[in-house]
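Dear colleague,

Please find below the structure that I am handing over to you. My findings follow it.

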Amino acid sequence: MSDKLEKLRLLAVDMDGTALLPDARVTPSTLATLRRVMDEGALVIPASGRVFGGIPQEILGLGVPYAITANGASVVETATGKRVYERNIRHEDAMELLSYLLTENGQTYFQCEDRYYEDSRQARTAALIHPYMALAGLNRTGGQEDLLGFAGKQGNGIQKIGIMVFDEEAEARVLAYGTGLEQFHVMKTGHFSLEFNRRGTSKGNALEHLCGLLGVEAGQVMAIGDNENDSSMLAFAGLGVAMGNAPEHVKAAADFVTKTNVEDGVAWALGRFWSQAAR
């Protein structure tokens with residue numbers, strides 16, 4: 001926990017694996033607790049790997065002012081849809097990476113202008129191996145038979161590139177390839193799920209930028225997350241909380257470990273820390 005922890009003002013909360021259940025629903029307890037801390041004056045900021053349109057309406061309906069999306073490549077003002085911060089992938093780098101990923105055993109996708117596009121040729125296999133993506137509402141809407149050709153028309157607008165691999169061997173190959181790329185940061189964000197952002201892009205950096213806009217100090221921030229793409233914001237926040245379902249290295253980056261997402265870990269952590277630290 002930061003030595004500079006102050007009165008809490010801002011809550012950055014991850015979506016998948018954190019605020020959401022394995023079937024992508026938000027529990028009534030989590031929603032009620034988020035509403036309560038907002039009534040107490042909290043700035044609640046969804047911080048997700050998702051596109052803006054993928055943030056659950058139940059969360060947006062609380063009146064959250066901003067959303068961090070695409071692992072920190074974008075910060076969106078929710079009332080207007082305006083992006084107040086962007087860190088996209090350079091076109092030539094995106095095309096090189098996509099060309100490789102499309103040869104691998106998995107379904108390649110990318111996010112552009114806060115929309116999600118996938119290689120539709122692998123959609124059926126991906127739905128079997130990664131059913132959560134369908135539940136999350138992130139596929140079946142942006143399928144492209146020629147994903148590379150479509151990406152070539154997007155210029156420098158691509159925010160994030162990912163692949164849902166279909167076996168351990170493919171995962172190992174993609175990780176090895178990604179760690180050798182100076183222009184990218186590769187993260188494992190779920191089971192057989194690997195994502196690439198432009199190096200220097202992270203939820204933590206996006207959160208730091210947003211806090212600067214809002215006049216909020218790091219010591220006034222509580223962040224909750226469950227995966228590798230959350231580690232940077234847990235480290236930035238005055239109070240970083242890892243979910244009970246998080247990998248061990250993510251827990252090690254946190255100040256506190258709460259219960260799992262199926263045990264209402266977000267609500268439990270807020271009940272333990274927010275009111276007393278927000279006074």
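**What was found in the structure**

D255 has a relative accessibility of 30% and therefore counts as partly exposed. This aspartate is placed in the loop that runs between α11 (248–252) and β14 (256–257). Its C-alpha atom is separated by 34 Å from that of T80, a residue 175 positions away along the chain. Please bear in mind that the model is a predicted one.

**The protein as a whole**

The protein contains twelve helices and 14 strands. Its radius of gyration is 18 Å, close to the 19 Å given by the globule rule for 279 residues, so the protein is as compact as a globular protein of that length. Along the principal axes, the C-alpha atoms occupy a box of roughly 55 × 35 × 35 Å.

Among the 279 residues, 56% count as buried. Of the contacts with a separation of 6 or more, 63% are made by residues 24 or more positions apart. The accessible surface amounts to about 11400 Å², and carbon and sulfur atoms account for 49% of that area. As to charge, there are 26 positive and 35 negative side chains, and 4 Å lies between the centres of the two sets.

**The nonpolar cores**

Which residues touch the most other members of the largest nonpolar core? They are L11, V13, V44, M222, I224, L270 and W274, in a core of 32 residues. Two or more residues of this core come from each of β1 (10–13), α1 (15–19), α2 (28–39), α3 (57–60), β12 (221–225), β13 (239–242) and α12 (265–277). The greatest contribution is that of α12, which supplies five residues. Another core, of 25 residues, lies apart from this one, and its members include L101, F110, I158 and L181.

**Helix α4**

Helix α4 spans residues 91–101, and its buried residues are D93, A94, M95, L97, L98, Y100 and L101. In an α-helix there are 3.6 residues a turn, so residues three or four places apart point the same way.

M15 belongs to helix α1. Its relative accessibility is 0%, so M15 counts as buried. Residues up to four places away in sequence aside, M15 touches L20, P46, A47, S48, I55, P56 and I59. The C-alpha atom of M15 is 15 Å from that of L207, although 192 residues separate the two along the chain.

**Residues in loops**

What is the value of phi in N71? Phi of N71 is near 60 degrees, which is a positive value in a residue other than glycine. N71 sits in the loop between β3 (66–69) and β4 (74–77). Its relative accessible area is 1%, so N71 is buried.

D114 likewise has a phi near 60 degrees, again positive in a residue that is not glycine. The loop that holds D114 lies between β6 and β7 (115–119). Is D114 buried or exposed? At 10% relative accessibility, D114 counts as buried.

T260 is located in the loop between β14 and α12. It is buried, its relative accessible area being 17%. Residues up to four places away in sequence are again left aside, and T260 touches M243, G244, N245 and G265.

With kind regards

Technical notes
Residues are numbered from 1 along each chain as its sequence is written. This is a predicted model: local features need pLDDT of at least 70, side-chain atom pairs count only at pLDDT 80 or more; totals for chains, interfaces and linings use all residues. Side-chain values use heavy atoms; hydrogens and water are left out. Helices (H or I, at least four residues) and strands (E, at least two) are DSSP runs, numbered from the N terminus. The radius of gyration is taken over C-alpha atoms; the globule rule is 2.2 Å times the number of residues to the power 0.38. Buried means under 20% relative accessible area, exposed over 50%, partly exposed in between (1.4 Å probe, protein chains only). Contact means heavy atoms within 4.5 Å. Accessible areas come from the Shrake-Rupley method with a 1.4 Å probe; for residues, only the protein chains shown count as cover. Lys and Arg count as positive and Asp and Glu as negative; His and the chain ends are not counted. The place of a charge is taken as NZ of Lys, CZ of Arg, CG of Asp or CD of Glu. A nonpolar core is a set of buried Ala, Val, Leu, Ile, Met, Phe, Trp, Tyr and Cys residues joined through side-chain atoms within 4.5 Å.
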